[in-house]
Every structure is written in C-alpha cells, then in structure tokens.
Amino acid sequence: MGKRFSRGPDGAAASRKRQKVVHEAPTSEEIHASRQLQQLLSFSQDPVRARHGLQSFKLFLDDLLNPDSDHGDRPRILRDYLQSARPAGDDDENAKRQQELVARNLSADKGKAFIISPTLRMLKEAVSFDGGAIARPLFRARASMLKSLARNMGIVHIGDEAEDTKRPSARTNAILFFLSALKFLHPEAKKELLSQRDIVSALTRDVKQDPPYLVRELLEGLRSHVLLDGKLPREAKAGLLNTSTLTRVSALYQYRLDATAAEGPSIADSAHEFLLTACTNPTCGVLRQDSGFYPREIDPNAAIPAAELDDLGLEAIVWMNKFKTEVPVRNYTLSNFLPNLRPWSSVKQSELITSIFKVAPELVASYFLTNKSFTFEPKLSATWIGYAAFLFNTVTLPIPDYFCRATAFPELPPPTSIVIDNILPLPLNQKALSRSLANKSNMISFFATRILVVAIGKLDTAIKMHQDSSHSNKSAWAEAARRLADEFCQRSPGIKEMINSYRSIPEGDLLHREAASRLLRLCYEVLPQVALMAKFDVSPFLETALSRLSKQELDDPKDFALSLKELENLLAIAGYSPGMRWFAASEALSLSPFTLLLKVCVDAPHGVALEAIRRVLNFVAVEQQLVPADDKHPGLLALLEALQSLRQSSPDSVTPLWPFLDNCLTRCANAPVKYVEKMQEVIQEATGTAGQDLEGAVASPVAMAILEQLPFVAAKEEGQATLKALGRFLPNFLGLSATAGESRPLLSLIFSKMVPHLADSKGKLAKAGVPQGLEFELNPRPHTTETKPKKPNATTAGQEEAKSEPAMDAETLENTLHMPDGLEADNSALVKWATKTVDELVDEGYLTSLIALLVSEHASIRKEALVNILKTAAKIKQSEYEEKEQVWLLLSELAETARDNIHDGPLPSPIASFACHALNVLRDPLSSLYAKVNTFLTRGPVWTLDRLPLVDEVLSEEGPPVVAGGGADAAHYTQISWLLGYLLDGLRTPCDLELFHKKRARGPVLERVLALAANPYMRLPLRTQVLRLLYRATCVEGGSTTLTTRFGIVNWLDARQAGCCTDGGDGAGEAAVLGGLRRRVWETCDQERVRVWSKGALGEGVSSV
Amino acid sequence: MASSQKPDQEIAAEFTSYYLQRATTEFAEDLDKVRAADDFKNDALQMLVSALQQGTALFSPEEQRRIVTDAARPESKP
C-alpha cells in the first residue's frame, strides 16, 4: 500500500484545522418605521447584512425594555411590524409548512448539531412561553415537535474536557426541552409522552456522562413533574420508573464529574433522594402494596377443615413449605432493581435497600434467595464490615403488622421459612455466624454478636405474635411458633459457642462484653430450653465482673455504668439458671458474690443508677432469709444505707468491715433458722428478766448474726480496726433498721448486748444507744413508720389482702401456664421412622413420637406402635449407636410392660412420658440422671404400672447442702426440672390423675410436688413448672375438684401468694399467676361439691378474685 | 429532676459519641487492619463509622440516658 501524498508542505496541518472565523462587531442603525424594520429583518445570504439587521433590532428592543428612556413611536413601530409579519390568515397550509420545517431540522443529520440544538432551544422556549400558553397546540403537533427526540437525546458531547455550559450538546438541549414539556403539559399529554419507550429509555441512557447541572435539572424535573405530580396516573409514572431507569439513576452513586467545591447536595445525594422517593412512595408508581410475609398467590385465610389441621398440623397447609427456594413477589420492578445495588460498599445504597425492605417486606426473603453469591464468611475487610452493617439493618427492620400489614391476623400462620429469612437472612447461616463468633478478630465477633442480639429480639417478637390470643387456629399457630424456634436454633450458633465467644473477650472490652452478656441473657429469656441445656455456670463471669467493678479501676463513670449493664445481664442469667451460689466465695475471690455485689453498690460512683442491682440484692436477701420476708420491710436497704453513709463520712472505715460482714451474711444465709431462734431467745429473755413484752417484735436475722460474731473479731488480724469501724457502723445500721420499721426495743436490746464487745472505753456508745430519727438520705425508701409489736391475729387480715390482689385473666394465664401435649398422637410416626437412621430416630424425636402412640385411643394404633417399637429396638441393637444397649433395654422393657396392658385401654401416660424423657437422658451420659435411669432399667424387665418411675429416687434425695459446694445443687435442680417435665407430659387423663394422688408410703406424688414448691431455694422457672403441672391438672376432667378436696389447693395457693415478695417485678407477676390459677381452679371445679365440702368457706371469696 | 433533663436527641448524640469512642478504643488494632485492606476506598470510612455506631440501637433510650447522664447527675433525694 502506497503512502498518501501530502498536498503541500503544510497541507496536513492545514486540512485538519477548522478555519478560524473572525467575528467583527456588527454594525447597526436606528429604526424609525415598521417598514424599515421589515427590510432589516428580511432574509439575507450576506452575513454582514444579516448581522447588521439583527443588531439594529436588538438595540431597538433594548431601548424598549429600558424603563427610563422615552420610547416615543417605538411601541407602534413594533406593533405595525408584527401585524405585517403575521402569517396571512392563520391558514393551515402555513402552519403545516412550519411544522415540516421544524421536523426537518430535528431529524437533520446527526453531525448537524448546529441545526438540531437551536431548534430544540426554540421548542423549549415555545413550550414554556407565557406559562405554557401554547404547550397544548404544540403537543397536538407532536409528530413534528417530538421528531427524533430519542435520537437527539443520544447526541452527546464528545471530548475529554467537560461539556461547555455555553455550548450545550444536542442531548442537553433535548433533555431541557423534554423537561420543559413535562413542566407545562397537561397530565394526559404527559402520560402519552412518558409512554414513548424510546424517549424514556434515551432520557437516562447516558446520564452518567451528563454535566452536573443537567443531572440536577433532570432529577429535579422528574421528581417534581412526574414522581410528585398527584394528577399523573400511576401507570404513567411506572412507564418512566422501570428497572432500567432506576438502575441508571443508581449508577449516579458513582458519579465522577461532580465539582468538588459545588454548593448544595452532591449528585450522589440527589440521586439517593430521588430513588428513595421513587421506590418507597406508593404514589410514584413503582411500589406495590404487598402482603408482608405472605407471598403473592397464596390465601392466608383459606378454609382448612379443623379435622385436617388437627391430624396433619401445618402439613395440612399446602403452601407452608413451598417458599424455601423461591418467593413470588408483587414488586417485580423493585425485585429486579435491587440486585444492581452494592449495599456493602455504600452507606446510602444500604439505606436505600433497607428503606425499600421496610415498605415492601415481601422482598427480604426473595432478595437473599436470588442473591446467593455474596457470603458472610468472616474476613477483616471493608466489604465484610459493610455487608455486616447491611445485614444488621435488615435484621433490625420491624415485622409487618399482623405479618401481613393488615388490621388483624389471618387464619393461617405465614410460611415459617419466610419468617426466619427475615429474622436471620440466608447469608447468616450457622457456619458463617459460628466462624464469626470464634474469629480471632474481636471486631468480627462483636459484629456477629450484635446481629444475633437483634435477631433473637426479633424472634421473641415473632413468637409472641404467633401466640397472640386472637388466633382462631391456635394449634397451627403454636406449631408454627415451635418450628420457628427450631429453625432459629438451626441457623444460629449454639449457646456454647456464644459462651466461648464471651469467654474470649479481653477484660477491658466493656462494649463487647456487654453485647455478649446481653446475647446470653436473651437466650435465657427467649429460648430457655436451649439455654438451660448448656449447663452454663454463670458464677465465674459474675465474679469477674464483680471484682472488676469493686476494684474501681474504671475512671470514667460512663464506663462504670456500661460495666453495670453487663453485671445486670449476668445477674439476670443467674436468676434463670438453677443453683447460683450466692454465698460461696471461690478461691479467686476473698468475698462471696453476694457481698461483692453489695460492695459494688456501696462503692459505685455517686449517682450511678443501681436500681436493678438493689432489686437483686433484696431478692436474694429475702430468699435466703437475711431479712424478714415481709412486703413492708425494706429488706437490705438499712444495711446498704448505713454502709453508704459510712463510706461518705469515713471512707477508710468501710474496708475492714467487708470480711466481717461477709462472714456474718454467709452464716446467716446458711442457717437462717438458727438466728431466728436466737432472736426468740433474746425476746424471751427480755420478757423474763425485764418484763418487756416483745412478742411478735421484728428484727433482721442478720443483726443477730452480727451479734453472734462480734466476740471473735478482736482475736483476728486488724481486729481493732474492724471494731473501730463497727463502732461507727452499728449504731447507724440499727437506727436505720428502726426507722425502716423494725422493733426499736428489740434493736436496743441487741445493741446493748453488742456494746461490751465494741471499743467503747468512755461509754459513749452505751450512753447514746440506738439513735433515733435517722433518715434514709441515699436510697429512696418506701414510706414506713416504726411498727408496734404485732399481735398474732394478723394472718386473717393478710388473707383478705391477698384475695383483693389482682389476678391474671384467663387468657394470660393460659399463655403463661398452658403447655402443649407432649404425647400428642401423630399417626404418621408409624411409617416415618422406617427410613431414618438410628441417630435420627433417637435424636430427632421419631422414637418418642412412636412411644407416644402407646397412649392412643385406638387399640389398633397402640398395637401397631408396639410392633414398631420392637422393630426399632432390634434395629438399634444392630447399629453402631453409642448408647444402643441402654436404648434397646429401655425400649424392650417398655414393650414388655405395654404388651399385656394395651388391649383394653391406653398405656398410662406417665409411663409413656417417662420412657420418652428417659430416652433423652440415655442420649447424654453426662446427665446427672444417667446413673438413676440405668439403675432403674436394670432392676427388672417389667415396670409396675401404678407407680410413677423414679419419682421417689429424685424427690427423696437429700436437698443440696445449704453451704453450696461444687455442682451438687445445680445437679439436684436439674433432676427436679427433668422430673417436673416428665410428670407434666404424663398428666393427661383422669386415670393419670389417679396415679398422682394415689396414697403411697411417702405421700401422694402431687402432695410431694406441692411441698417442693415451698423450697425457698427453688427458682422461678421451676416454681412455674409446678404451677404448669397444676394448670394441667385443672384441664383434666374432675382435676380441679380433686385438687381442692384432696390437696387443699386453694389454701396452698393463698399461702404461696402471701409468700411472694412484692417488691420486685417478678414477685408481683408470680402473685398474679397464683391468683389467676386460684380462680381457674374455682371455675373448673364442681362448685356445689366444693361448697359442701368446705362448709361454705370456699365460694364467695374465691369467685370474687 | 424533670426540669434538668436533657432532650432525647442530645442524649442520643452524647451516647453515640461515647459508643464510638469506646468501640474505636476496643477495636483499635482491627480497625487499623481494615484501613490497610485492599478494599478500603471511597466511602469505606463513612461505612465503617456508620457500621460501628449502628450498635447504639441495642440500647433503649432509657439505657442510653442512664449511661450518659446518671454518672453526672447527683442522685435525687426522696
């Protein structure tokens, strides 16, 4: 190929360069007549002449606009000119010619922007002329006016430098014309304009390259004249706001041409505002009303025959399991748009998605199902943190009202998979969360912990919504709630992992520790069965937190308050877990946890709120009988106040007191009765010698313990310092006790016995006695005046008071105490087990479902179940299952026991229930019941049907030694908990109830259970379990009558209610439960019979509760 | 006491600032590592701050008030 010859020495350069046009200032002339004006403006090929004419006209107009000049003839000249220039007779022909001209200009060759742009500018002026006066006729000529508009929108500025605002591109002019048209056209016309797909598409295709001012005008114009135009129908808006428009606008989040110093919001901010409005405002045409957690296409109110629901449970609802891989949605535009956003890299995009989720909750599950590529695998990177933040925001979103944004719950519960996808979205699976919790980076585990905290809170809300009393299909909703909890446990890390994560947090990371302890506390509150299974011993954590707080290393009071939050969480956990050892000092600690807690209270920086901790101290003090269990007694307050005021007046004196006080408190807690008796001795002594009548006088047992220990102080190290401190402390303490309502004469007597042991050489203390009129200055105190010694007839008054207390209504009572039937028949169990592995049989409940069928009403089912149990036993025996021998033995003995007894009726429920619960024990060789169950099994091949297995073994075991040591007490309460669970499942029919009240060597089982609840060391969860058993008994035919006439249940409930301490929230709540239960007993018993039995004593009083 | 109470917004702002200050102290080492990561650019800093402070949502307004103000307020007398 030959080289191209250049045309001359500088030909190449000359040909590429555009010829420079030199503009000289145009000439002009003054205008005196319309005729002259007409000549000047007539078309001319000669540019000099043309410019001369235009310049003259411009100066003429300038002068006309100048208000100061004398216009003379000018207005008339202009009017005459316009008259003459007007097209002759407005004929159509003329108009058509002009339209054709415009159309031709608009569709000129792409390169002729110098023709297209001015035409577009002229059209823009025309459409906005006089407030849109001629917009309507212009639109009628749309065939010409909008000619090639879409194409012209595509003629963009080309070049490296930014578009010059003085020389806008054809695209810019086209957009500005379009926006003016939107502004001035009437809604019908706008609707048609927006239905032109090519125009709408061209409008945003190149928006990323547009100059900033144009982007702003575009967004603002579309916002005011489309999005927020109330007269424009939704469909018209939807025409504009399709997925691709939204996606292109979202590209502006990465807009690069923004001037850095520009005032006002950035383009990204404007785009964000635009998208927020477009996607979340239902009038904008994008957002459609969905039905929350119920996907499109399903009918949440479908009528399903009750029998079918009873038989099959949730399986009767065909769509219940249908949405695990795909969720059909109504908001398809949004659903297609969302995957284009990058929530992990931008706060705004994350905010946009969550705002959309909030108004269209149906999208949450579907979003994560269709965007599986992004995982939550922990990695210390900005992207992971961004994703974690996005997920946190998603989990924090509220659950839609009634799950469906309606005004009442539908008949059927929402698909469980969708609810759980909203609580723990798919990327938050067990593996990823566990690895995050265990990650060596503390920040990663912190983020995971926080997500779990909000998730479990949301789970709580969802479960409560499932348990709402207004549901008509209660059993289906209850089953769905159980499934939900199960699903949650499968996605969430186990509690052991949470505990380990908590354990690994450095001591000083207060924020992290608070979050981790909050998570554990929530587990106990929301999923108690799971939490209690972990056998978590909270004591070491509590001790660490206490010692950190008591060492006072936290300078910032805010840090102290935050640390207190952690302590509160731990205290709450201690309240839920059985067998917290309050009065056992570990090796690491010099004081018991209780005294440490007291010390934290006393040493707390001035003003820190200690209400929750005071409540715990009081609760424990009452429970351990350190102080009288009287509603009006302010509990430990006198001790606390005396210590606090001592700390203020003489800070050094408090330190030597702690070991002494700890000793006294521990002794008193371990043997409270001893000190009550000692007090009686003092009272009697006073009556005998001084003739004082102190019968019924009240003082705290702890004061007696102090008196007893005083003589030993002097012998100890630092004894003198302690005695000196006690000399300051004791008068104050006793004085405050008197102010708080204890008996002053008795306290004076005790003080006089104390004085000889105190350092009181000058007799000052003895002379002053117990000071009078001391005020509580540091602690708010319930108003009490010093009481006179009470006469013993106070009991009747107490009863009346108890009866007027509020009782829980029937519905709340049912929610609190009703437990689903653990032996509910599921006939499908007969076939389901066959395909399962032995592990699944034992661990996933297939075996227990089979056992439960032995209590079926139908003989054929029972027999079938028996055969299948024998088959499973054989299968297990041949397997590699670790505990196969014991499980086989259990099943064989059960079968042997059942064989001859199921022809005429069901197996007694307690027997079946025992088998089910024993099976769970055998699965876990570490269980404290393991030995007991095995001993029972080896005792003989057949069980006695009219005895409840293992009841004696568990109940007759000595209670834990009060001086708590090791885990013995915890094990004891675990066994009680197991026993109550098995008894509860075993009480279903009147025949079962007979077994519960049958006379036995050590008394009827029910009587022994009632006695159990009187154990002051037993915690609320176990006490509630006893009440559940009673509630179950009232559900059995004749149960309430038996409870009343055989067990005096009304008096028992009265006594329990009177014993509830009402200072804290828990006590009042329990009292209400007891009251509600009493009413239920009365309402469900044979009232005539009970009236006769009680000789009329029961009736009015109970029913008036 | 009511008259000296700060408005909720002020409390929330104070608490957020305390929360952030605590978080940056506790996770200083990790934060340095994130800042050195390849993908730390553009909006990442804003993202990081927003991610850290969203944890304030775990604390109810009362809890926030307690932590921020109780320490500075003399306890009221009965």
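**Close-ups of a predicted two-chain model**

**View 1. Polar contacts where chain B meets chain A.** Across this interface, 21 residue pairs are in polar contact, counting pairs with both residues at pLDDT 80 or more. Keep in mind that the model is predicted. On the chain B side, the elements that each give two or more residues are helices H1 (8–26), H2 (28–36), H3 (44–53) and H4 (61–70). H3(B) gives the most, with 7 residues. Sort the chain B side by class and you get 21 nonpolar, 12 charged and 4 polar residues.

**View 2. A salt bridge between the chains.** Here Arg66(B) pairs up with Glu568(A) in a salt bridge, and their closest N and O atoms sit 2.7 Å apart. Across the interface of chain B and chain A there are 4 salt bridges.

**View 3. The whole contact between the chains.** Chain A puts 49 residues into the contact, and chain B puts in 37. Together the two chains bury about 3700 Å², with 61% of that on carbon and sulfur atoms.

**View 4. Phe733(A) in the largest nonpolar core.** This core has 260 residues, and Leu567(A) and Phe733(A) have the most contacts inside it. Helix H24 of chain A (residues 442–466) gives the most to the core, with 15 residues. Leaving out residues up to four places away in sequence, Phe733(A) touches Ala638(A), Leu639(A), Ala642(A), Val702(A), Ala703(A) and Ile706(A).

How values were computed: Residues are numbered from 1 along each chain as its sequence is written. Chains are lettered from A and ligands numbered from 1 in the order in which they are written. This is a predicted model: local features need pLDDT of at least 70, side-chain atom pairs count only at pLDDT 80 or more; totals for chains, interfaces and linings use all residues. Side-chain values use heavy atoms; hydrogens and water are left out. Contact means heavy atoms within 4.5 Å. Buried area is the accessible area (1.4 Å probe) that two parts lose on being put together, summed over both. A salt bridge is a side-chain nitrogen of Lys or Arg within 4 Å of a carboxyl oxygen of Asp or Glu. A polar contact is a pair of N or O atoms within 3.5 Å; within protein, one must be able to donate a hydrogen and the other to accept it, and residues adjacent in sequence count only if both atoms are side-chain atoms. Helices (H or I, at least four residues) and strands (E, at least two) are DSSP runs, numbered from the N terminus. Ala, Val, Leu, Ile, Met, Phe, Trp, Tyr, Cys and Pro count as nonpolar, Asp, Glu, Lys and Arg as charged, and the others, Gly among them, as polar. A nonpolar core is a set of buried Ala, Val, Leu, Ile, Met, Phe, Trp, Tyr and Cys residues joined through side-chain atoms within 4.5 Å. Buried means under 20% relative accessible area, exposed over 50%, partly exposed in between (1.4 Å probe, protein chains only).
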